[in-house]
Amino acid sequence: MTLDPRVKQLLAAIDPAAPAPGPGADPVALRALRRQALKDLNLPPRPVGEVMDTTLPGPGGPIPVRVYRPKEAAAYPAAAYPLLVYFHGGGWVLGDLDTVDDTCRALCEVCRRVVVSVDYRLAPEHKFPAATDDALAAVRWAAAHAEALGARAEGLAVAGDSAGGNLAAVAALRVRDEGGPAIAAQVLVYPITDHDFDTPSYRLHETGYSLTRAGMMWFWEQYLARPEDADHPWASPLRAADLTGLPPALVLTAEHDPLRDEGERYADRLREAGVPVRLVRFDGMVHGFFVNAAWDLPQRRAAYETVAAYLREMAPTVG
């Protein structure tokens with residue numbers, strides 16, 4: 001398949017001189033640029049029933065979270081809605097609650113879930129495994145406070161894109177190994193699963209497709225405290241010795257994405273371990289298509305419908 005013509009036009013419009021993740025980049029400056037880009041887009045918020053900002057106690061201090069409830073939620077008891085805990089992408093360095101606000105609003109309404117979006121600690125200020133510790137704390141807090149959030153803990157799912165997909169996968173691993181709570185499903189959107197820059201998809205899509213090989217190498221450098229941490233399954237879940245007993249998984253990948261092969265290999269490893277897996281590749285797409293609301297691609301809308309159908313199957317909304 002070739003690059004989708006609409007995506008090709010959108011990528012061509014990106015200023016090649018604009019600062020990007022890579023050698024010499026300043027994480028603080030990149031975060032500011034991303035926030036400004038969101039303000040410049042000024043997309044109207046997608047309507048949902050209720051949005052609430054709060055914090056939860058984390059191992060390194062309070063963790064900001066944003067909770068989304070569907071429009072019709074007031075008409076149903078709390079037990080009607082399963083929980084979806086979402087982790088944003090950004091290479092563990094960029095991103096916050098605002099960068100995935102439209103994504104979480106869409107998931108809330110399309111999937112009919114109470115969505116808890118997690119603003120975990122970022123690198124390089126907070127190195128591995130800080131983000132995974134926050135992810136685990138968020139999943140446990142959401143499950144323990146489901147009723148107060150207007151949801152039910154039964155049917156809880158974890159999800160995330162890119163680095164957030166990594167954290168969702170790692171949260172599932174840690175919950176299995178560290179005593180719950182139960183997770184009904186994991187939704188991994190073009191997830192980072194391995195510290196390996198020599199896969200065919202990395203070689204084919206080294207530059208020119210939104211996310212670059214140099215950018216991913218830089219993200220990993222910011223994230224890891226020590227080079228040997230790359231082998232740890234909480235950093236590279238593809239390297240986990242045992243994937244048995246993990247929750248069923250939906251894995252979405254993009255054809256023209258350096259991370260495509262590691263995401264699909266993780267799906268293969270899960271399947272080999274006896275975990276029910278559904279793998280969907282979006283042809284013609286690049287990294288970022290799932291969260292980039294400004295692009296307004298039909299494949300993005302199709303991806304949300306895919307997630308919604310999967311979650312309805314795993315844990316249906318009551319009512």
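1. Rings of Phe, Tyr and Trp (its six-membered ring) pair if their centres lie within 6.5 Å; planes under 30 degrees apart count as stacked, over 60 as edge-to-face and the rest as tilted. By this rule W92, F128, W220 and Y223 form one aromatic cluster. The count of aromatic pairs comes to 9.

2. A note on the source. This is a predicted model: local features need pLDDT of at least 70, side-chain atom pairs count only at pLDDT 80 or more, and totals for chains, interfaces and linings use all residues. Residues are numbered from 1 along each chain as its sequence is written, and side-chain values use heavy atoms, with hydrogens and water left out.

3. W92 is buried, at 0% relative accessibility (buried means under 20% relative accessible area, exposed over 50%, partly exposed in between; 1.4 Å probe, protein chains only). Y223 is buried too, with a relative accessible area of 0%. The rings of F128 and Y223 have centres 5.6 Å apart and planes at 75°, so this pair is edge-to-face. It links distant parts of the chain: F128 sits in the loop between β4 and α4 (130-144), and Y223 in helix α7, 95 residues away. F128 counts as buried at 7% relative accessibility.

4. Now the overall fold. The protein chain has 9 helices and 8 strands (DSSP runs numbered from the N terminus: helices are H or I, at least four residues; strands are E, at least two). Buried residues make up 55% of the 319 residues. The C-alpha trace spans about 50 × 45 × 40 Å along its principal axes.

5. What is the order of the strands in the open sheet? The 8 strands run β1-β2-β4-β3-β5-β6-β7-β8, with mixed pairing. The edge strands are β1 (50-58) and β8 (277-286), each pairing on one side only. Two strands pair if DSSP finds at least two bridges between them. Strands β2 (residues 61-69) and β4 (residues 114-118) are antiparallel and joined by 4 bridges. Here R66 stands opposite S117 in β4.

6. Helix α9 (residues 298-314) lies across β3 (82-87), β5 (152-161), β6 (185-189), β7 (249-256) and β8. It runs at about 175° to β8. Axes are lines fitted to C-alpha atoms, for helices over the stretch in contact (heavy atoms within 4.5 Å), and angles run from 0 to 180 degrees between N-to-C directions.

7. Is E264 buried or exposed? E264 counts as buried, at 13% relative accessibility. Leaving aside neighbours within four places in sequence, E264 is in contact with T253, L279 and R281.
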